[in-house]
Amino acid sequence: MTSAFRKIFIIIIITIFSSHLAKAQPRKGEFINVAVGLGLTAPYDETDINGTGFYAQGEYVFGLTKWVGLRPYAGLILTSTNQNSNLQNQHEYKVTTNAFLIGGKARICAPIPWVAPYIEIGIGASIGSFETYTPLTRIKKNGLLMHVPFSIGLALGRKNNFDVAFTYYYTSAAEQFSGAAAIGFTFPVKW
């Protein structure tokens, strides 16, 4: 083994054995998380066309340990195309998402008090309409499409019950991703 590989291996082993001490989830148990924010939509082909709008989501949180949780979710994203670039002023180019989101995610948090960084990944479905009209892509889809949710964020506060996150939903069938810059609050199911 190389020296760098040994160091990484030792760090991983220490993290695994000390993970039961971590407190990045509020605590073990069941919670509700509510988040709202600025909705965003952009095409996969990286053209200068995007949409903005509204985003809201609710999650039922199962805190399995203090640093791992399962999160079934339901949400809504409504975006329309911005008219602020030369390409977007041509009315045939637009990227929009108007959909109801359902699915499940898993969250892994770093064990840092008061400010706990986290990542989430899962699988879900979007029910609604999706338009991706760019110089390189021409797709219009309606109905039920699969998406892959991915989030990075910070759980804040003494009980880590506030969070700030960037959430993305990758929808391959529409060749676009939607998401949000959102803030949220977590509260226990049983007070």
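Figure 1. The structure, which is a predicted model, holds 7 salt bridges. Several of these share partners, and in this way E59, R71, K105, R107 and E120 are joined into one network.

Figure 2. The side chains of E120 and R71 meet in a salt bridge with an N to O distance of 3.2 Å. Are the two partners buried or exposed? E120 has a relative accessibility of 2% and therefore counts as buried, and R71, also at 2% relative accessibility, counts as buried as well.

Figure 3. R107 falls within residues 94-109, the extent of strand 4, and counts as buried because its relative accessibility is 5%, under the 20% limit. The side chain of R107 has a further partner in Y118, to which it is joined by a polar contact of 3.4 Å.

**Figure 4. E131 and K140, another salt-bridged pair.** The side chains of E131 and K140 meet in a salt bridge, with N and O separated by 3.8 Å. What is the relative accessibility of E131, and is the residue buried or exposed? E131 stands at 14% relative accessibility, so it counts as buried under the 20% limit.

Figure 5. The 8 strands close into a barrel in the order 1-2-3-4-5-6-7-8, with antiparallel pairing. From one strand to the next, the twist averages 20 degrees. In general, the strands of a sheet pair through backbone hydrogen bonds, either parallel or antiparallel. Among contacts between residues at least 6 apart in sequence, 62% join residues at least 24 apart. Buried residues make up 39% of the 191 residues in the protein chain, while the chain exposes about 10300 Å², of which carbon and sulfur atoms supply 69%.

**Figure 6. Strand 7 beside strand 8.** How many bridges join strand 7 to strand 8? These two strands run antiparallel and are joined by 10 bridges.

Figure 7. E46 is placed in the loop between strand 1 (29-43) and strand 2 (51-63), and its phi is near 60 degrees, a positive value in a residue other than glycine. N160 is placed in the loop between strand 6 (138-156) and strand 7 (162-171), and it has a positive phi of about 55 degrees although it is not a glycine. Which of the terms buried or exposed applies to each residue? E46 is exposed, because its relative accessible area of 73% is over 50%, whereas N160 counts as buried, because its relative accessibility of 6% is under 20%.

**Figure 8. V189, in the segment after strand 8.** V189 is located in the segment that follows strand 8 (176-188). With a relative accessible area of 34%, V189 is partly exposed, since this value lies between the 20% and 50% limits. Which residues does V189 contact once its neighbours within four places in sequence are left aside? V189 is in contact with E30, F31, I32 and Y60. In the case of E30, which is 159 residues away from V189 along the chain, the C-alpha atoms of the two residues are separated by 5.9 Å.

Note on methods:
Residues numbered from 1 in each chain as written. Predicted model: local features only at pLDDT ≥ 70, side-chain atom pairs only at ≥ 80, totals over all residues. Heavy atoms only, no water. Helix = DSSP H or I, 4+ residues; strand = E, 2+ residues; numbered from the N terminus. Buried < 20%, exposed > 50% of the residue type's maximum accessible area, 1.4 Å probe, protein only. Contact = heavy atoms within 4.5 Å. Polar contact = N/O pair within 3.5 Å; in protein donor to acceptor, adjacent residues only side chain to side chain. Areas by Shrake-Rupley, 256 points an atom, 1.4 Å probe, with all protein chains shown as cover. Pairing = 2+ DSSP bridges. Axes fitted to C-alpha atoms, helices over the stretch in contact; angles between N-to-C directions. Salt bridge = Lys/Arg side-chain N within 4 Å of Asp/Glu carboxyl O.
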